[in-house]
Amino acid sequence: MPTALITGITGQDGAYLSKFLLGKGYRVIGMIRRSASSDVISERLRWIGTIDQVTLVDGNLTDLSSLVRLVQEYKPDEVYNLAAQSFVATSWQQPIVTGTVTGLGAVTMLEAVRIAWPQARFYQASSSEMFGKVQAVPQNEDTPFYPRSPYAAAKLYAHWMTVNYRESFGMHASSGILFNHESPLRGIEFVTRRITDGVARIKLGLSDRLTLGNMSAKRDWGHARDYVEAMWLMLQQDVADDYVIATGRTASVEDFCRLAFAAAGLAMEDHVHTDAALLRPAEVELLLGDAGKAERVLGWKPCTPLEDLVAEMIAADLKRLAR
Ligand code: NDP
Ligand code: GDP
């Protein structure tokens, strides 16, 4: 039975990846950081139904010794480094935490693997935010990076260090440059969940307005369930490499919002307001990925159209709030 170690297992992708890997027959070790609210920390794993099948172990991405001990003890075949301070807006408020966890944390995990079990295959959760002020449309593995936030700069450091460990030490380290991916388990502060949660509240009469920031920003939104399969496929290759994972379709925040209100039988214009306080110091206006390499080499393709993703998120938020 192969063993996978997942950092960030309590996050959106960690939950979906745990389900995917258990389905493939893996023993799944999930690293969680100590929290005073440990009773709610595994809510996503409960929702997705894997909480009783994964082994949860303590560790922190900023603590090399905890990572070395985990890698030494479990000798994982595969390590998925998903842990991060992952919210772009917060990264301007907490640039040092973001750099420490999202940037240096990845290097700390790479070091732990190099020291304790270098034959493990390593996945780094890189981000389309690294393209930032995009230098070409669509973006692929050859597009130059131009990070626009402390988050993106931290991810870029982690990305190049993953490449560097592969080239310097021969480690099987791959970096997935994933475009935005969502699900009912997406963090509530991200725009898609803000919208689907807001629409569900309005539908249920719990609220009558939804306040958003920049409605014209465009993202290439996929489903997290599809994207975790791509992570796994990268680690099944003989040779480690970097891959863009995206749907090849872009939509604005306004487009997403319109779809969400329509899915609930409501009119967006009656409820949506904008507030300049929600604008960012620097914006990423347009992301559109070209996942041609992933399709050619990994045989990966996204399966969930945006309309289905929106409908699934609305249905889940309605159900959650009705409870
Ligand atoms: P989430 O924000 O949902 O999850 C982040 C995870 O990191 C949580 O489990 C969190 O734990 C954990 N974490 C944070 N800090 C630490 C720390 N110091 N030590 C250990 N664990 C820590 O992110 P997603 O699941 O959405 O994304 C997964 C990864 O993919 C992230 O690295 C993200 O930046 C990246 N990514 C995501 C994209 C997306 O669209 N979702 C797009 C491209 C990249 P806790 O529960 O305790 O907070
Ligand atoms: P990101 O692409 O990782 O930054 O994901 P987000 O979901 O946080 O943001 C996507 C886009 O939505 C960005 O361009 C934001 O500026 C825009 N946006 C507009 N209104 C909001 C809002 O209320 N919350 C968030 N999080 N983003 C918003």
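Colleague: Which residues come nearest to ligand 1?

Modeller: Start by listing the neighbours. This is a predicted model, and here ligand 1 has 25 residues around it, with Thr10, Arg33, Ser86, Tyr151 and Lys155 coming nearest. By class, that shell has eleven nonpolar, ten polar and four charged residues.

Colleague: What polar atoms lie by the ligand's own nitrogen and oxygen atoms?

Modeller: Look at pairs, one by one. For a nitrogen atom of ligand 1, there's a polar side-chain atom of Asn60 at 2.9 Å. As for cover, ligand 1 taken alone exposes 910 Å², and the protein buries 88% of that.

Colleague: Which elements give two or more residues to the shell?

Modeller: Those are helix H1 (12-23), strand S5 (121-127) and helix H6 (150-169). S5 has the largest share, with three residues.

Colleague: Okay, now the empty space. How do I find that?

Modeller: You roll a probe the size of a water molecule over the atoms, and that shows where empty space is left.

Colleague: Where does the largest cavity lie?

Modeller: Check who lines it. Domain 1 (3-181 + 221-245) and domain 2 (188-219 + 249-287 + 305-322) both give residues to the lining, so the cavity lies between them. Among the lining residues are Trp92, Glu129 and Arg280, and the whole lining divides into four nonpolar, one polar and five charged.

How values were computed
Residues numbered from 1 in each chain as written. Chains lettered and ligands numbered in written order. Predicted model: local features only at pLDDT ≥ 70, side-chain atom pairs only at ≥ 80, totals over all residues. Heavy atoms only, no water. 1 Å grid on protein atoms, 1.4 Å probe; cavity = no way out; pocket = protein on both sides within 12 Å on 5 of 7 lines; lining within 4 Å. Nonpolar A, V, L, I, M, F, W, Y, C, P; charged D, E, K, R; others polar. Domains from an automatic or database assignment. Near = heavy atom within 4 Å. Polar contact = N/O pair within 3.5 Å; in protein donor to acceptor, adjacent residues only side chain to side chain. Areas by Shrake-Rupley, 256 points an atom, 1.4 Å probe, with all protein chains shown as cover. Helix = DSSP H or I, 4+ residues; strand = E, 2+ residues; numbered from the N terminus.
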